[in-house]
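The following questions and answers examine a single protein chain. Please consult the sequence and the coordinates while reading.

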Amino acid sequence: GGYQYTTRFIVDGTLVAQGTPQNKIYFTSIRDDSVAGDTNGDGGTTTPADGDWAYIKFSDSSSVMERCEVRYGGLRDDDMGTGETWRNYSVWCYESAPEISSSVIRYSNITYGAGFFISVYYQNISESVNFSNNTIYDGNYGLYYSEVASLYPQLEPVIHSNIFMDCGHAAIHCDPISSWGQVTSNDIHECGSGIELVASIPGTGYGIPEVSSNSIENTGTGIL
């Protein structure tokens, strides 16, 4: 692959990134002169673009992202040989459930590489997630959520009061999600589809979570 050396941020422990309404915390491209000035010292010769860097990877549920903004990420081939292992995610929560709230994820990669293009990926989750009051736009999958199947008691994930705009494939994709989960009060605009829920899995208790009070406008498929 051609993108093995795209910069990534691996959290080996706990990251507590808590900004304020006046002072957000930014994770962005070195070419993004709108944050902290001309950090790469090229006088504005280069401009930021989707896929300028890779991802933030969490592996511990004790981390917190609050009032942060993640820009221009989502491009990484993690195969250091001649093959390709694409992980095109901006925020990757691997087997962990860090709380992400009041944050913005924008300009995620939709152009380069192969596989899934995901702004926020909760992968193989075995703890309840709280993903609330965030804004995701200009991506492909906004939020891709995947639980470990057959957990008991079931998880109680909360996906609440988020805004999704211009997500080319889907705003929210759950594969699977516990029937005890809540997908509520989200605003979805100009996305390929709104909320995608996989069919229930026989014998596991996975059915349909609470899906209510969501606003879906100018979007191909509302709830699938």
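Q: How far apart do the centres of the positive and negative side chains lie in the chain?
A: This is a predicted model. The chain carries 9 positive and 27 negative side chains. The separation between the centres of these two sets is 7 Å.

Q: What radius of gyration does the chain have, and why does it agree with a compact globule?
A: The C-alpha trace spans about 55 × 40 × 35 Å along its principal axes. For 224 residues, a compact globule would have a radius of gyration near 17 Å, so the chain agrees with that expectation at a value of 17 Å.

Q: What percentage of the residues of the chain count as buried?
A: The accessible surface comes to about 9800 Å², and carbon and sulfur atoms contribute 47% of that area. Residues under 20% relative accessible area are classed as buried. Of the 224 residues, the buried share is 46%.

Q: How many strands does the chain have?
A: Contacts between residues at least 6 apart in sequence join residues at least 24 apart in 71% of cases. The secondary structure comprises zero helices. The strand count is 20.

Q: Which residue of S9 stands opposite Val70?
A: Strand S6 covers residues 68-71 and is joined to strand S3 (residues 25-27) by three bridges in the parallel sense. Within that pairing, Phe27 has Val70 as its bridge partner. S6 also pairs in the parallel sense with strand S9 (residues 104-106), again over three bridges. There, the residue opposite Val70 is Ile105.

Q: Which residues of strand S6 are buried on the two sides?
A: In a regular strand, side chains alternate between the two faces of the sheet. Both faces of S6 are covered. One side holds Cys68 and Val70, while the buried residues of the other are Glu69 and Arg71.

Q: How far apart in space are Thr6 and His169?
A: In sequence, Thr6 and His169 are 163 residues apart. Taken from C-alpha to C-alpha, their distance in space is 24 Å.

Conventions: Residues numbered from 1 in each chain as written. Predicted model: local features only at pLDDT ≥ 70, side-chain atom pairs only at ≥ 80, totals over all residues. Heavy atoms only, no water. Helix = DSSP H or I, 4+ residues; strand = E, 2+ residues; numbered from the N terminus. Rg over C-alpha atoms; globule rule 2.2 N^0.38 Å. Buried < 20%, exposed > 50% of the residue type's maximum accessible area, 1.4 Å probe, protein only. Contact = heavy atoms within 4.5 Å. Areas by Shrake-Rupley, 256 points an atom, 1.4 Å probe, with all protein chains shown as cover. Lys, Arg positive; Asp, Glu negative; His and termini not counted. Charge placed at Lys NZ, Arg CZ, Asp CG, Glu CD. Pairing = 2+ DSSP bridges.
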